Amino acid sequence: MFQRVTLIGHVGQDPQMRYTPDGTPVTSFSVATKETLSKTAPGGGERPCPTGWKESYNGRNWEVSTWWRITCWRGLAETVNQYVTKGNQIFVEGTVQGEAADGTLRPRVWTGNDGIARASFEITARNIKFLGSREGAPGAPMGEPPPEGFEEDALPF
């Protein structure tokens, strides 16, 4: 299954670069995107809070954050590792990974340290642009996909 996604969000952790057994660089990091919905209903009055959402800081909207796990390969992996840091705002274009055996896409699910269930989607980045770098880093070049037939489970980490 192939799906293209574009995201604009903030980096949640500094990227971590590793190498495959054949020396191919791979960098992984997380990105949070936020969706907002006005608390005011179209006909007036207040909308109820959607399940799992919270009130925004300004108190006028409902909002929810979604976490995405991003993986970059080769030259893009090296560029991201060098210039991207936690808190940067970035644009990511890539494909959704994590296809289940039945052909559907499923998020990775885990329990956080606070005991609350969490989920994230895995994205293989093809292109990343730096939007809000502290040091004004330029946009990154188009990335490259993983080697043909490569299985992420084969990574030594």
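Mentor: What follows takes the salt bridges in turn. The model is a predicted one, and the count comes to 3 salt bridges.

In one of these, glutamate 93 pairs with arginine 4, and their closest N and O atoms are 3.5 Å apart. The pair links distant parts of the chain, since glutamate 93 belongs to strand 6 (residues 89-97) and arginine 4 to strand 1 (residues 4-11), 89 residues apart. Glutamate 93 has a relative accessibility of 15% and counts as buried because the cut-off for that class is under 20%. Arginine 4, by contrast, is exposed, with a relative accessible area of 53%.

Another salt bridge joins the side chains of lysine 34 and glutamate 63, at 3.7 Å from N to O. Here too distant parts of the chain are linked: lysine 34 is in strand 3 (residues 25-38) and glutamate 63 in strand 5 (residues 61-73), 29 residues apart. Lysine 34 counts as exposed at 54% relative accessibility, whereas glutamate 63 counts as buried at 7%.

The side chains of lysine 39 and glutamate 55 also meet in a salt bridge, with an N to O distance of 2.4 Å. Lysine 39 sits in the loop between strand 3 and strand 4 (54-55), glutamate 55 lies in strand 4, and the pair, 16 residues apart, links distant parts of the chain. In this pair lysine 39 counts as buried, at 9% relative accessibility, while glutamate 55, at 41%, counts as partly exposed.

Methods
Residues are numbered from 1 along each chain as its sequence is written. This is a predicted model: local features need pLDDT of at least 70, side-chain atom pairs count only at pLDDT 80 or more; totals for chains, interfaces and linings use all residues. Side-chain values use heavy atoms; hydrogens and water are left out. A salt bridge is a side-chain nitrogen of Lys or Arg within 4 Å of a carboxyl oxygen of Asp or Glu. Helices (H or I, at least four residues) and strands (E, at least two) are DSSP runs, numbered from the N terminus. Buried means under 20% relative accessible area, exposed over 50%, partly exposed in between (1.4 Å probe, protein chains only).
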